[in-house]
Each structure stands twice: as structure tokens, then as C-alpha cells.
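Have the viewer open as you read.

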2 protein chains.
Amino acid sequence: MNNFYYYTPTKVVFGKDTISKVGTMVKKQGSKKVLIHYGTGSVKRTGLLDRVKAALDAENIDYVELGGVVPNPRLSLVYKGIEFAKKENVDLILAVGGGSAIDSAKAIGYGVANEGDVWDFYDRKRTPKASLPVGVVLTIAATGSEMSDSSVITKDEGGIKRGCNNDLCRPVFAIMDPELTMTLPDYQTACGCTDIIMHTLERYFTSKGNMEITDSIAEGLIRTVMKNARILVKEPKNYDARAEVMWAGSLSHNGLTGCGNGGNDFATHGLEHEIGGMFDVAHGAGLAALWGSWARYVYKDCLPRFHRFAVMVMDIPDNSSEEEVALKGIEKLEDFFREINMPTNMSELGIHPTEEQLIELAHKCSIAAGGSKGAAKVLYEKDMLAIYKMAL
Amino acid sequence: MNNFYYYTPTKVVFGKDTISKVGTMVKKQGSKKVLIHYGTGSVKRTGLLDRVKAALDAENIDYVELGGVVPNPRLSLVYKGIEFAKKENVDLILAVGGGSAIDSAKAIGYGVANEGDVWDFYDRKRTPKASLPVGVVLTIAATGSEMSDSSVITKDEGGIKRGCNNDLCRPVFAIMDPELTMTLPDYQTACGCTDIIMHTLERYFTSKGNMEITDSIAEGLIRTVMKNARILVKEPKNYDARAEVMWAGSLSHNGLTGCGNGGNDFATHGLEHEIGGMFDVAHGAGLAALWGSWARYVYKDCLPRFHRFAVMVMDIPDNSSEEEVALKGIEKLEDFFREINMPTNMSELGIHPTEEQLIELAHKCSIAAGGSKGAAKVLYEKDMLAIYKMAL
């Protein structure tokens, strides 16, 4: 049992027809003019942007807009957003989209409220002292960014993908209507479910301690997501399944699933960030492609947790050695990834890094982590390289 | 699946030796002078008050103090606190204690920040528009008031116990050191565990809908509290068990265990408030004394939930009729209450209301609820009277 800090201030408005409340939420926040920040078109095509604007109009909230956020959101657009937000004197950034739009909005929020180059916060050179408030209309259940303290940005030159974690960027509100996620491509839905499961597993696999109540929440969450991800493969418009996954996404990454664990692992995320930066793959698919190799590389150093995971989450009968049961649990989660059409190695992901690229990936991953990363097992550059090679 | 709103802004600082952080937390809040509000002496005897003052001194935070809060905290002291806080110009109320000290602090916070009689908010005549921030150093795991939007105050004349629920009173921070709860009398520990279980059950038993992820959290939470309550009967100084129960107490009542359920029941709480007001019994024991009677009165109207509870929480084999399984679940929770030395009727609780008193209890309970109460089954005055009689 370890000490912990827990802080989740986001006001969540969850359910059908909640988009109309975005104006009220902005008004309650005391904001007068917002920058609506979104992706490359789907929020326009589906009419969502018009609904958001109508809700803002209804409360006499002024707004300007900036679209163009891409997956693995780019620093160049963040810079553009900062300049635009300053010029227009906006006092809240409203992300309409998934994790990319939210993360980009968070970066703009930092950039407006602090002096100097915003990349410094991602490059760990400085810590932000303030942020413009960020509000969210969520359209993808995946990254949990709608409640999290995390923002991940990719620097255009060199494809360097870096995260900045700070409570200042936790969104002030999040409008979460599961119906908005019904039109997602199946692949993106599965990527989202994978990311959600991984956010919990990154906290679950640690050798530093645990808390029973946190374990019970984490295990229930993963089981719920797996069950509903399977439903969504067949029934993408099942509202209840969409809602379960969407709420799981927020709870998975707002801190709840790590209370008392003494420190998160997040090595798989670190490894994925590098392939995401270099090859621009979908984040969830990248995680699925790497996880099994990571797990087989580290499980002996965190055996009691892998054993518990196998029994409590994956329903592996506890009738052979601890190690065998643990390995069966790993295999069964990989089977699940395949079942929802996720890759379990980089080849299935569609990327084939060369030896030089593997070395570069491991080197960049190690540098991003300040030399080492992991709570299940501490990984150094050589370990990272070994895992990348296992995942080919 | 129902829409829901979720908001838990409290900064939780959890674990050993966290008391020293109270000064920093007040400072981060931007407060300059606090009113330390506590009970009738134990925080002085144990030296906790001195530790809190030292932590405030270390950050140059000014303070005044007001003790004397009793269980079922009284309106008269709230009035005194409001006057004192205004006179001393404090800008934060720091509750040091359990639910009573926190609820009293919340009422003072309302009273300072709003015009007029603070009782109006409890009597449902007006809604508070503001509150002074409330911070918490928690010494009892029970009411969940350290994260909840709830405050319950008893009017001295007539023993009228009423609650006011409003997000404005959610504490801005809560310092939670499980070691502080180790010296509690066994009876109070058991009362706390009962209250925590009940806060989840009041949300779990509803006929209005459910969400799988919420159910899994609720079921895991109750199982965790039951397991650790049993441990604490034998090992009151078991740190991990204290910590599990303490964190469960906050999660049980901050809203998490009711997301998507379409509305909470809280009839047992309503029934208990009246006997608490009339006989000044311990809240948790009062709940245990009434729950079984409530459950037997309503279970047929909420059979799928009582059946699920029996199977998923109480481990009743699902091999007889739905009704039989449900009844076995109710019996087994009552067995658990006995195991931790809680009463399962009013006689065991040590109170013997007369026929006239029973009628008065039901009448007051009905009035407090605005005529009816309940989500598992809607109860009117005659139902309330029937349950009180079953619970003799």
C-alpha cells in the first residue's frame, strides 16, 4: 500500500443529447470567447460542429475555430493555435473530437498561459505554471484525455512524440455523448478499446505495491471493456456498449485505476510513442502490436501481478505453475486483440523497421524516458531494443 | 443506461504522514486564514490538532479554532461558527475529524457565503449560491463527506435531521491518513464500514437502470469493505485494512458508484435520519438496524438487482428461484452485520420507540422526503411506518 494523490476535477456530462449543454458549461466556467479546436473534417460532415455552435450561440458565447488536428497531433498546429488564440483573446479552448484534438487543445492552453516555447514542457525543459481552461466535446472513446492530466504532441521535424503530464491541463468539463462514437470506423473503435485497456494495465502491472479496491476497479474495468469491445465488433451501433466503453475510457486514465500502486509502468506507451512518431501508426494498434512482447520480456519480474491478471481478468484456471498461468493470461489477451482485429506485432501493424530504425527507436525511447522506464521491470535502452526486436 | 453528471473536484492526499501537507494544501488554495473546526476533544488528546497547527504555522497560515462538534452535528454550533468565521474573516473552513465535523464545516461555509438563515438550505426552502471552501483532515472512514456534495445537520429543537446536497460544498482538499483511524473504538469502526457499504447499496438498488462498469465498481467496493471490516474486528491496527476502508469510504459516496443508475434510493438513509434525530444513535448502527427490514419490504419490486447482489456480492449460489436467492443475499448481509457487532433491528440498537413515536418517525421521514422516497421501490408514509415496525 503506497501513498497517493488523486485529483479529477472535470465536470462530466454523460449521455444522450448532452451536446446542447456545451453552452451552459462554458458559461458556468465564466468564459466569454472560445476557440473551437477540431480535426480534419468529420465533425463538420456529421453536423456536430453546427450543433456545438448552436449551443454556444444559445448562451451568447463568442467563438472562433481552428480545425486540422491530425492523429499524433503536430506541434506546428499548436503554434498556430497559440498565436490565433492570443490574437482573438479567447479564454477557453473547446476541443471537439478525440484524444488528438484534446491534446492539441491542452498544448494551446499551455502556450497561451505561459511565456516561451510550449515545446519546452513536452521536452521536459520547463514545467507549465498555468493553462487556459480546456473544455471537451468527446467523439472517440480511447485516450481518456477528457479527464486526464496528459497531453502528447508530435514535433513535425524528426517525428518526436512527447508527453507532458500536469494537473493544470485536466479539462474543466467534458460532454460525453456515446452516440457520437457510433459512426467510427471499426478499426478506430478497436484501437480505442485497446488504448483504454492499456491505460489500466500500465497501472496494474507494477512491482511496487497494490490496493485491493484499486485492483477490483481495474479488473472490473478491463472485463467490461473486453466484453463490450466484442459486442461492438458485431453491433457498432449498440448504445449501451458504446456508453460502457466511453465511461471506461475516462476512468481508465483519470488516475482511479492506479491509486496506491506506487507508480505506473507505461513502458508500452513509451515504446509505442516512438513508433507512432516514426511511422504515424494509430496509437491503440501500436500498443496492441507491442504489448505481448513487452509482457513476455518482463513478466518474470512481476510474476504475482501477471498471475493475478491471468486469473482475475482472463479467467485462466489456477491449476498449473504461477509462470504457466501468467503466460496463458498473456496469450489470452493477445487472442482478444486478434478477435477485435488488432495486430499483435509490428508486421501485422504494417510496419517493418530496419535494424538501424530499431536502434534509433530504442535510443529515442530511452532518451524520452530519461534513461529508463517501467514499474513492472525497469527497462533500459538495451531492453527496449530487445522488445522492439521481439515485436517484429 | 441513464445519463449522468459526475463531478469530484476534491484533491485527495492519501497515506502515511500526510498531515504535514495541510499547510501546503491551504496555501495552494490561496487561503490566508482558516477556521479549524473539530469535535469534543479526541483531536486534542491524540495531538493531531497540534500537528495540524504546526503544518499551518510552517506555511504562515493564520487560524482560529472552534471545537465542540458532536455526532449528528447541531445547528446551534453551526450558527456560532458562522458568526465566528465572519468576525474573524476566515477564508477557508478546515474540518479536522469525521463526517460530523465535515458536515458542520460545510454548513458554516454555506452560512458565511450566503445571506439569511442557513437552515433554509437544509429545510429545502432555498438553494445555496456559494460556499466558503472547506478542507478536510479525515479521522474517521465512514460518511464519505470528505468528497461528497452532502451535509447533514440536526436542528436542536425537535431533533430534526436534514441533509443538503450541493456541489458547492465538495471539499477542495482532503488529507487522508489511515493511521489516524487506528485508535477508533471498534463500534465506531464497524459503524463506519456499515455506512460505507450503505452508501454504495443506496445507489445499487434501483429499478431505473444500471451500468456494468458502475456495478463492477460497486460490487468490488462492497466486497473489499466486508473483507477488511472483518480483518479490523481482529486487527484494529492493520494499516492496509484501514487504508482500503478509508479510500472505499470516499469512493462510495463521491458519485462514482451511482453513475448511470438513473437515481439513487437512499430510503434507508432517510429512515435512519429520523431515528438519529429522535434518539441520537450512531448513524452506521442505525442503518444496519433498519436495512434488513427495508430490504425485505422492497426486494420484490427490485428483484433483478437483489438477485444480482446476492450472487455477485454475497456469493449465494444461483441454484434456486430468483426470490429465494435474493432473500438469502439479504440474510447474509445481516449475518455480516452481526459478525462485526452491528445491530439488525432497533431493539439491538437499544431503542424502543412507542407506537406514537413510530408514527411520528414515519411522518417526519415522509415530510423530509417531500412525500415519498426510494428508487428500488417508492415509499410513502405508510410504507415507512411499516418498515419501522418490521425493524422493532
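How many bridges join E1(A) to strand E1 of chain B, and do they run parallel or antiparallel? Seven bridges link E1(A) to strand E1 (residues 4–14) of chain B, and the two strands run antiparallel.

## Ground rules

This is a predicted model, in which local features need pLDDT of at least 70 and side-chain atom pairs count only at pLDDT 80 or more, while totals for chains, interfaces and linings use all residues. Residues are numbered from 1 along each chain as its sequence is written, chains are lettered from A and ligands numbered from 1 in the order in which they are written, and side-chain values use heavy atoms, with hydrogens and water left out.

Helices (H or I, at least four residues) and strands (E, at least two) are DSSP runs, numbered from the N terminus. Strands pair if DSSP finds at least two bridges between them.

## Where the chains meet

Back to that strand pair: Thr8(A) has Thr8(B) as its bridge partner in E1(B). Counting contact as heavy atoms within 4.5 Å, 37 residues of chain A touch 37 residues of chain B. The area buried between the two chains (accessible area, 1.4 Å probe, lost on being put together and summed over both) is about 3200 Å², with carbon and sulfur atoms giving 60%. Met1(A), Ile213(A) and Trp247(A) supply 19% of what chain A buries against chain B, more than any other three residues.

Two salt bridges are counted between chain A and chain B; the rule asks for a side-chain nitrogen of Lys or Arg within 4 Å of a carboxyl oxygen of Asp or Glu. Lys227(A) forms a salt bridge with Glu212(B), with the closest N and O atoms 3.3 Å apart.

On the side of chain A that touches chain B, the elements giving two or more residues are strand E1 (4–14), helix H8 (212–234) and helix H9 (239–253) of chain A. E1(A) gives the largest share, 11 residues. That side divides into 22 nonpolar, nine polar and six charged residues, where Ala, Val, Leu, Ile, Met, Phe, Trp, Tyr, Cys and Pro count as nonpolar, Asp, Glu, Lys and Arg as charged, and the others, Gly among them, as polar.

## Symmetry

Superpose the copies by least squares on the C-alpha atoms of residues with pLDDT of at least 70 in both, and a rotation of 180° with 0.0 Å of shift along its axis puts chain A on chain B (RMSD 0.0 Å). That is the relation of a two-fold axis. In chain A, the C-alpha nearest the axis belongs to Pro9(A), 1.9 Å from it. The same surface serves both copies, as 100% of the contact residues of chain A recur in chain B.

## Inside the chains

The whole structure has 47 salt bridges over all chains. Asp335(A) pairs with Arg338(A) in a salt bridge, the closest N and O atoms being 2.8 Å apart. These two are three residues apart in helix H13 (residues 322–339) of chain A, so about one helical turn separates Asp335(A) and Arg338(A).

Strands E6 (residues 150–155) and E7 (residues 160–165) of chain A pair in the antiparallel sense over six bridges, and Thr154(A) has Lys161(A) as its bridge partner in E7(A). E6(A) and E7(A) form a hairpin with four residues between them, and Gly158(A) in the turn has a positive phi of about 85°.
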